[in-house]
Amino acid sequence: MNKPWMALILMGTLAGTLISTNLQASTEQNFSDDPLAQRCIKMLDIYATEDFDAYVAEFPEPWLGIFGEKTLRKQLADRHGKYVKEYQAKPDTIKIKAITPAKVAKIEQEKLGALEAKEIDLYIASNKGNSSATACKYLRIGDSWYFRSLRL
């Protein structure tokens, strides 16, 4: 009498595993064509080359006026230093893990008029053994998306 129940339990476990595997595979998305994901990856190049003009161009127009050139140059120099220390020239692996809605901070709403935010979750690794999970944040202001941050 136990054997038929054991067979049913085993079949149920197998079916659950197969369904779970199929759901997991179907939820993995390819974000490589997403414009915000591409811009996020481009920010890594901007950090690597320490290209101030490209850095400032990613921010909303009032950004330079709010923070000033000196502060933004220092931020970029700091991020460039961290990037070079971690990844030398370029990471060996960059994977876009997810694109998710993010919270718009009150100050982003008030000072910039941000309506919406998204985060692009990345996994970055180098052959030196360094790896990190990080994210870019973008704000929608009017009809356009602007860079907000990329933690390294």
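Glu50 sits in the loop between α2 and α3. Helices are DSSP runs of H or I with at least four residues, strands are runs of E with at least two, and both are numbered from the N terminus. This is a predicted model: local features need pLDDT of at least 70, side-chain atom pairs count only at pLDDT 80 or more, and totals for chains, interfaces and linings use all residues. Residues are numbered from 1 along each chain as its sequence is written, and side-chain values use heavy atoms, with hydrogens and water left out.

- Glu50 is not a glycine, although its phi is positive, at about 55°.
- Its relative accessibility is 34%, so Glu50 counts as partly exposed. Buried means under 20% relative accessible area, exposed means over 50%, and partly exposed lies in between (1.4 Å probe, protein chains only).

**Helix α2**
- Helix α2 covers residues 35-49, which is 15 residues. From first C-alpha to last, α2 reaches 21 Å, close to the 21 Å expected at 1.5 Å a residue. The expected span is 1.5 Å times one less than the number of residues.
- At the start of α2, a side-chain oxygen of Asp34 comes to within 2.9 Å of the backbone nitrogen of Leu36.
- The buried residues of α2 are Leu36, Ala37, Cys40, Met43, Leu44, Ile46 and Tyr47. They fall within an arc of 165° seen down the axis, so they line one face of the helix. The arc is that of the directions from the helix axis to the C-beta atoms.
- Pro35 and Thr49 are exposed on the other side of α2.
- The cover over the buried residues of α2 includes α3 (52-57), α5 (69-87), β1 (93-102), β2 (114-125), β3 (131-141) and β4 (144-150).

**How α2 meets α5**
- The axes of α2 and α5 come within 7 Å and cross at roughly 95°. That makes α2 roughly perpendicular to α5, a term for angles of 65 to 115 degrees.
- Leu44, Ile46, Tyr47, Ala48 and Thr49 of α2 make the contact with Leu76, Arg79, His80 and Tyr83 of α5. Contact means heavy atoms within 4.5 Å.
- Axes are lines fitted to C-alpha atoms, for helices over the stretch in contact, and angles run from 0 to 180 degrees between N-to-C directions.

**Glu108 in helix α6**
- Glu108 is found in α6 (residues 106-112). Glu108 is buried, with a relative accessible area of 5%.
- The side chains of Glu108 and Arg148 are joined by a polar contact of 2.8 Å. A polar contact is a pair of N or O atoms within 3.5 Å; within protein, one must be able to donate a hydrogen and the other to accept it, and residues adjacent in sequence count only if both atoms are side-chain atoms.

Key. Angles under 35 degrees count as roughly parallel, over 145 as roughly antiparallel, 65 to 115 as roughly perpendicular and the rest as oblique.
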